[in-house]
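The questions below work through one structure, part by part. Each answer ends on the value or name that was asked for.

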2 protein chains.
Amino acid sequence: MSLRIALLGLLTVTGPSSGYDLTKLFERSIGYAWQAGHSQIYPELNKMAAEGWVTVEQEGPRGRKSYAVTDAGALELRRWLLDKEPSRLYRDERLLRAFFLPTLEPHEAAALLRTEVEAHNAQLAHLEALRDDRERKEAGFGDYALDLGIRKTQTVCDWAADTAATIEESAGEARP
Amino acid sequence: MSLRIALLGLLTVTGPSSGYDLTKLFERSIGYAWQAGHSQIYPELNKMAAEGWVTVEQEGPRGRKSYAVTDAGALELRRWLLDKEPSRLYRDERLLRAFFLPTLEPHEAAALLRTEVEAHNAQLAHLEALRDDRERKEAGFGDYALDLGIRKTQTVCDWAADTAATIEESAGEARP
DNA sequence: CTAAACATGTAAACGGTTACATGATTCG
DNA sequence: CGAATCATGTAACCGTTTACATGTTTAG
């Protein structure tokens, strides 16, 4: 379901696009929240076209097909956004790893967290550059999500630094 | 892969357990980072047993089978934790929704964010109670992860509140 | 002319969800 | 004895990943 929603959403905010465009845009934008490659996107667009959620607006060179959201599709997107079902899927391999940090030696766990801090700092710099770059132009699609992404990255970064410090501290006490 | 890791990790920190135990523990602990039901867990344990990552330690009443991690299994867990591949899977339906908030009317988006604030506050209270309850007893499995969970929940909560305020403000300006 | 980028598709294998199916033990 | 809980499994279906497969246009 979420893939359909992602595609409907992207088509709504960016206007008519091809599967190829959507695949690229996926990576650059909602790739932080959902992943899908062209081999999943092309069939899905065809299915949605068959069900009347999108239409093939025009066919261009190189077999390019441009899709647009129909009224039925727009309604489905609306429903998904507003229906407050409590079953929102969430999967996070990093968080999973956090659970099992204590199965490592303290110095290993701390080292791992230090690399995590670095990785998140880099990610943070990247996202902030993106935001600042946009601010000079007009506001774009995904501004709220970008803000959330920055805040979450900062939070995870702080957690990793604090946790590394805690682990190093108690390991130091253990061997005075 | 992640399911196997989750099971190996749980078996490592809690000691020998049955598929039934692991299913329940899954919900209560790493359910925040990964979801799996018994219909996925039982076959996976059998596969891992066949591959020598776990062994059936003992069989109890009602067909109960208790599994334990082997040295080979422990090594696989270690590898997964330490291998710093940059491809850590992340999926978040809530974040996906954040991307498409601008397709709604401002008052709808703001209302949706307000319910999000409430939901996260409730979740936050739940997680903090869990942590405080544990602090009085001895430190348990998943303490670092719980800390991360609390911080992330707080962050999302703040974001939702701030974003709702921003949207309401600019909607107010539009109709003075 | 040739390499890169554009553009779309299918198929096999794998992972995950929902529903079906069964039986043993314990508690009231 | 009946209901709840313990305990395990299978099968059908759907979603996702990886690999295969093909052809067009543009830029150098």
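Q: Which helix gives the largest share of the lining of the second largest pocket?
A: This is a predicted model. In it, helix 2 (19-28), helix 5, helix 6 (106-136) and helix 7 of chain A, together with helix 5 and helix 7 of chain B, each give two or more residues to the lining of the second largest pocket. The largest share is 9 residues, and its source is helix 6 of chain A.

Q: What is the volume of the second largest pocket?
A: The second largest pocket is lined by 40 residues, and those closest to its centre include A:Tyr32 and B:Tyr90. By class, 22 of the lining residues are nonpolar, 9 polar and 9 charged. The volume of this pocket is about 920 Å³.

Q: Which helix supplies the largest share of the lining of the largest pocket?
A: Chain A contributes through helix 4 (71-82), helix 5 (93-99) and helix 7 (143-174), each with at least two residues in the lining of the largest pocket. From chain B, helix 2 (19-28), helix 5 (93-99), helix 6 (106-136) and helix 7 (143-174) also supply at least two residues each. The largest share is 12 residues, and it comes from helix 6 of chain B.

Q: How many nonpolar residues are in the lining of the largest pocket?
A: The largest pocket has a volume of about 1200 Å³. Its lining holds 46 residues, with A:Tyr90, B:Tyr32, B:Arg94, B:His120 and B:Gln123 nearest the centre. Sorted by class, 10 of the lining residues are polar and 12 are charged, while the number of nonpolar residues is 24.

Q: What is the area buried between chain A and chain B?
A: The two chains touch through 53 residues of chain A and 53 residues of chain B. The size of an interface is often given as the accessible area lost when the parts come together. Carbon and sulfur atoms give 68% of the area buried here, and that area is about 6000 Å².

Q: Which three residues supply more than any other three of the area that chain A buries against chain B?
A: The contact involves 53 residues of chain A. Three of the residues of chain A together supply 14% of the area it buries against chain B. They are A:Arg91, A:Glu93 and A:Tyr144.

Q: Which helix gives the most to the surface near DNA strand C?
A: There are 19 residues around DNA strand C, and A:Tyr20, A:His38, A:Lys65, B:Ser39 and B:Gln40 come nearest. Helix 2 and helix 3 of chain A, together with helix 3 of chain B, each supply at least two residues of this surface. With 5 residues, the helix that gives the most is helix 3 of chain A.

Q: Which side chain has an N or O atom 2.8 Å from a base oxygen of DNA strand C?
A: Of the atoms of DNA strand C within 4 Å of the protein, 65% belong to sugar or phosphate and the rest to bases. The side chain that lies 2.8 Å from a base oxygen is that of A:His38.

Q: How far is a polar side-chain atom of B:Tyr20 from a phosphate oxygen of DNA strand D?
A: Sugar and phosphate account for 66% of the atoms of DNA strand D that come within 4 Å of the protein. For B:Tyr20 the distance is 2.6 Å.

Q: How many polar residues are in the surface near DNA strand D?
A: DNA strand D is surrounded by 19 residues, and the closest are A:Ser39, A:Gln40, B:Tyr20, B:His38 and B:Lys65. Helix 3 of chain B gives the largest share of this surface, 5 residues. By class, 5 residues are nonpolar and 5 are charged, while the number of polar residues is 9.

Methods. Residues are numbered from 1 along each chain as its sequence is written. Chains are lettered from A and ligands numbered from 1 in the order in which they are written. This is a predicted model: local features need pLDDT of at least 70, side-chain atom pairs count only at pLDDT 80 or more; totals for chains, interfaces and linings use all residues. Side-chain values use heavy atoms; hydrogens and water are left out. On a 1 Å grid over the protein atoms alone, a cavity is a set of points where a 1.4 Å probe fits but cannot get out, and a pocket is an open set with protein on both sides within 12 Å along at least five of seven lines; lining residues have an atom within 4 Å of a point. Grid points are joined across faces, edges and corners, and a volume is the space filled by probe spheres set on the points. Helices (H or I, at least four residues) and strands (E, at least two) are DSSP runs, numbered from the N terminus. Ala, Val, Leu, Ile, Met, Phe, Trp, Tyr, Cys and Pro count as nonpolar, Asp, Glu, Lys and Arg as charged, and the others, Gly among them, as polar. A residue is near a molecule or strand if one of its heavy atoms lies within 4 Å of it. A polar contact is a pair of N or O atoms within 3.5 Å; within protein, one must be able to donate a hydrogen and the other to accept it, and residues adjacent in sequence count only if both atoms are side-chain atoms. Contact means heavy atoms within 4.5 Å. Buried area is the accessible area (1.4 Å probe) that two parts lose on being put together, summed over both.
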